[in-house]
Structures are given as structure tokens and as C-alpha cells.
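Work through the exercises below on aromatic rings and their surroundings. Try each task before reading its solution.

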Amino acid sequence: MLSLLPDHLAQIPLIQFVYEDDLLLLKDENSEWFKILHDFVWQDYQNIAALYYDSLYEFNSSDQGSPKTNSTANETEEQAKQRHLFDRPTMQTNDDQAMSPLYQYQPMTPTLTTVSAAHVAPGVIPSRFIGRKPKCFFAMLKAFLGVTLMGQKPEPEQVDDFLRNNPTFARACGYTPKTLETYDEYSFDHVPSLRKLEQFDQIMTQFGLWDKIKQFQVNDNLVHGVVEMENELVGDTTHYIAYSGFETVEYQDEKGKKKKKSQSKTTKNCHCENWNDCDHEWILADDGAGSVAKSGGKLYWAHKAAVIGFPRQGAILDITAVADAATHDGQTFLPHVAHVFDLYPDVQSCVSHVLYDSACDDAELKKKFEVDYQVELKASLNPRRKKEVTKGLPRGIDKITPYGNPICLEGHVMDYKGVRYEAEKFIYEAPQNELGQSVCAGCPQRSQCCNAQTKGSRIITVSFNLLPHIDSNDPPMAKRFKAIMRRRPSVERMIKRIKCDFSDERLAKRGNASFQAYLDKSLIAYHLLLKHLD
Ligand SMILES: [Zn+2]
């Protein structure tokens, strides 16, 4: 079945057209997308291309997308709603921790792999296909990545739009423009139809090829030092607005108490006239979508993604869909770090600590990171609605904030100095003013605070017992802790970048598989740009 093509596929074109607008775009600072497509190293993707053509063959010869029949016969819509509800990760009890909070992707694999990577190239299609020559993998890949680099949604509709309305873009991807004579003819090097673009995206998603390219691209940048290794990782989650509606499902919890939860609507994939009679399966219209609570009590019907990156460079390493958007952020970090270590073992060997916001301030979680990965988890303090401490305080101190900062009668915040472990006490000293003098000098409260022996600043000690929620081994008041945590917000800039510059926060497709593909395409484009700018 294999074609006998010469080895030197990169033959020089006999005639080279030079377009003036191409030259202009190469000079233009705002057209990175064009330069990236222009300098595209297609050889990097030959393995994926071979896999794609085998997958396409499999896709064409099977009945893809035909609706599944109901495994649980005669299931009513209400029963299906309850089944889907209790299958959700956020409905599992604590004893059942087998279910990962992250979306676990199960890609298909082509049954036969016959296409050799060495025999595919831009415009060179394996001879396995009889009849119409399929559209070139490399051109479609460039089209999807080009649109993503322009900050558009990485979806077939946007790609179609750009290919049709921007001839320079179409040419940069490798398509030849139609002429009046060839307008009605099919040619593999003409711009593909929207249906072909949708099919390409579907195959890339179902066979896990976006995921493979993403891993290649990130790894390539790590190996070549485009992204340098750091000893810290930072994580957070972000939400993307779902392209679906929800309903409120009532259920009974294990104690028989009536409860409610927002869930995606149920639907069927078939075109049968009466869904209540046919035996096709009831599915969730948008699996993975859930209510995401943001600050100020705002609720979004959305998908959730977990993000991990290197804080110093502000470089994103991975972005993975959370299986159920209603999952608490704190539950996603450990499995996500494990996933990143699994994909990029070199990262694991460099990382000594990981940073997160107060959603991960949990002693048990910290221990798990230490035991399972020998990594220290640093999380912002979560005072858990602890009140200010106002009793049992040293002389001259008005209160201690939930964050462990004593404030004196005169309203000065005491500086944290360290720990005396044998005595189980934290040490603080009164701060200095702008002139470098102690605020205690000339303080009107001196008689109630300092005693005659006090020279310079008032020093106080506070027993660990007064602040039981503060980890004395890693107090958040310490300078080192603060210095490390100052790098944590860099993840927020990473999120802004991937969400606004390489896609759009409003999704245009449903389901976790499409969502993960959306994230993968964004991350591929992001890493291509990092490589280009290096
Ligand atoms: Zn049906």
C-alpha cells in the first residue's frame, strides 16, 4: 500500500512566486502569525501527519458519530439525569477517591498504522486513499494554528472564515487560490470546505492528536531552553463560559435529605421522532460544565481548566480541563502536578516547591505533596473565618489579625522577626518610621507598653497557642514566605494571556473532549510563539 516516493521530499519548487503582501507581512511587527506560518518547520509534525492519515482512513471506513444505544434499557430521561448526576466527580463521597478531578482523555487509536512518517510532506498525501485526494494535513494544521495565533477561537468556523476572506492567510497555509476556470473543480490544494475543517478537528480530537502536538511543542521548548527550568511551579484554575444551558436537578443525599444541583441538560444524538420511545442513550448536552463560583458570590455556568506554569518566566506548562467545573480548586492541584511530572519528567527533577492560593492551605495536602513527590507546597494563608485575637495578649498590644500580625495600641503593625521553637513562641518587634527610628520613641502609649528597661523598640513574643491555625514551621509572616508568595500572582497573568491572546473565554462547542482540544490548540499556539520570539 505504501507509495514509493523519493527520500528527498523537500524538493525545491520549480517556480517560486513572490507576493508583495507576503514581503510586507514579513516586515510587519504585528503579524507574528504570518512569520510563524512562513517559517513553519513541517518536519516536526511528520509523525503526527502519518498518524492523522491512518486515523482519517479509520474515520472514513467506520460509522463515526452514530448515536449509541442505551446500555441501561428503557431508561427514562429522569433516570438518566440521576445517573449522570451521581456519576459526577463532585458527587463522590470521600471514601471513593478513585475518580480523578481532572478530565481523563481516552483517545482512539487507528487499528492499522500503515503510513510512514518519512512519506508525508506538505502536498504529499499517502497513496492509501483511493478516489479524491484528501486535504493536506500540514495546510489544515497551519490554518488552525494561524487563526489561534491571531487571537481567535481555535474552531473550524473561525478557520473557515479566515481562509475564505483572507487570501494571504490561505496562501501562507499552503492553499492555491481558485481561478475562474477551476472554480467548480475539486482539488486537494484548494481551501477546504467547512465540513472538512470540522472533520479534521474532530479526528485530531478523537485520536488525541492535538494532545500529542501539545506535548511535543512544550517538550521541544523545554529541551531547547526556550522555556528554562525553574525550581518552582505555580497553579490556579480559570473558567471559560459554557456554550449551553443548565437545569436544576433534585436528588436525595445519603441521609435522604432533598438537595439541588445545577446540571447540563440531557439530550440524545439521534434524529428519532420520539426520544421517549427510542433506545438511544440519554447523554449530557455539555458534559463537564458546572456552576463556578467567583469572588463576590458571582456564579458562572462554565467549564473549568487547571493551569500550571513557571512563575519567574510566567510560562505556562500545561492547561487541563477539570472533569466537573463545580470541583473545588484545592482538589485539582495535586493531580495536576502529578500529570505535569508524568508528561515532563525533567520538570519533576528540578521542582522543589509549588505555589497556590489559599484554596490549597491544607495541612494534609501539604503532607501528601511531601510524601508523594518530595515537593513543598506553599499556599497563601486561609484564615478560615478566624476572628482577630483580642485576649491573652502582651502588654500594649490591641489585637492580632487572623494573618498573625499584632497591632499595638497606637495602631502600628508589629514586624515579624522569627520563631523561638523551644519556647514555642513567635517574636515581633515594633517597626521603624520613615526616618529609621523606632516608633516607640516618643509614643504616647509608652507607659502602658514599654517598661523602664526598654531601649529602642518594644519586642513581644506570642505563644503558638494563640495562633493555632498558623503553621509554626512555615509562618506566612516570614520574609522568605512572603518573597516566594510574591511570585504566585504571575499565574494570573499567564491565564490572561492564554485566555485572551490565544482564544476567547466564550466557548463555541460543548463537552469536555472539545474543551480539552480547545485548550490544547491554544497552548500549542502559545508555545509556537514563545519559540518564535526566542
Ligand atoms: Zn433515537
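**Exercises on aromatic rings**

F341 has a relative accessibility of 3% and counts as buried. The model is predicted.

**Exercise 1.** Classify the pair formed by the rings of F341 and Y373, and state which parts of the chain the pair links.

Solution.
- Step 1: The ring centres of F341 and Y373 are 5.8 Å apart, and the planes stand at 65°.
- Step 2: Planes over 60 degrees apart count as edge-to-face, so the pair of F341 and Y373 is edge-to-face.
- Step 3: F341 belongs to helix 10 (residues 333-343) and Y373 to helix 12 (residues 363-373). The two residues are 32 apart, and the pair links distant parts of the chain.
- Step 4: Y373 has a relative accessible area of 22% and is partly exposed.

**Exercise 2.** Determine how W33 and F169 pair, and whether each is buried or exposed.

Solution.
- Step 1: The structure holds 28 aromatic pairs. One of them joins W33 and F169, with 5.7 Å centre to centre and 65° between the planes, which is edge-to-face.
- Step 2: W33 lies in helix 2 (residues 32-38) and F169 in helix 7 (residues 167-173), so the pair ties together parts 136 residues apart in sequence.
- Step 3: Buried means under 20% relative accessible area. W33, at 11%, is buried, and F169, at 0%, is buried.

**Exercise 3.** Over which rings do the charged ends of K268 and K499 sit?

Solution.
- Step 1: K268 has its charged end over the ring of W282, 4.8 Å from the ring centre.
- Step 2: For K499 the ring is that of Y240, with the charged end 5.5 Å from its centre.

Key. Residues numbered from 1 in each chain as written. Predicted model: local features only at pLDDT ≥ 70, side-chain atom pairs only at ≥ 80, totals over all residues. Heavy atoms only, no water. Phe/Tyr/Trp six-rings, centres within 6.5 Å; stacked < 30°, edge-to-face > 60°. Helix = DSSP H or I, 4+ residues; strand = E, 2+ residues; numbered from the N terminus. Buried < 20%, exposed > 50% of the residue type's maximum accessible area, 1.4 Å probe, protein only. Lys NZ or Arg CZ within 6 Å of the ring centre and 35° of its normal.
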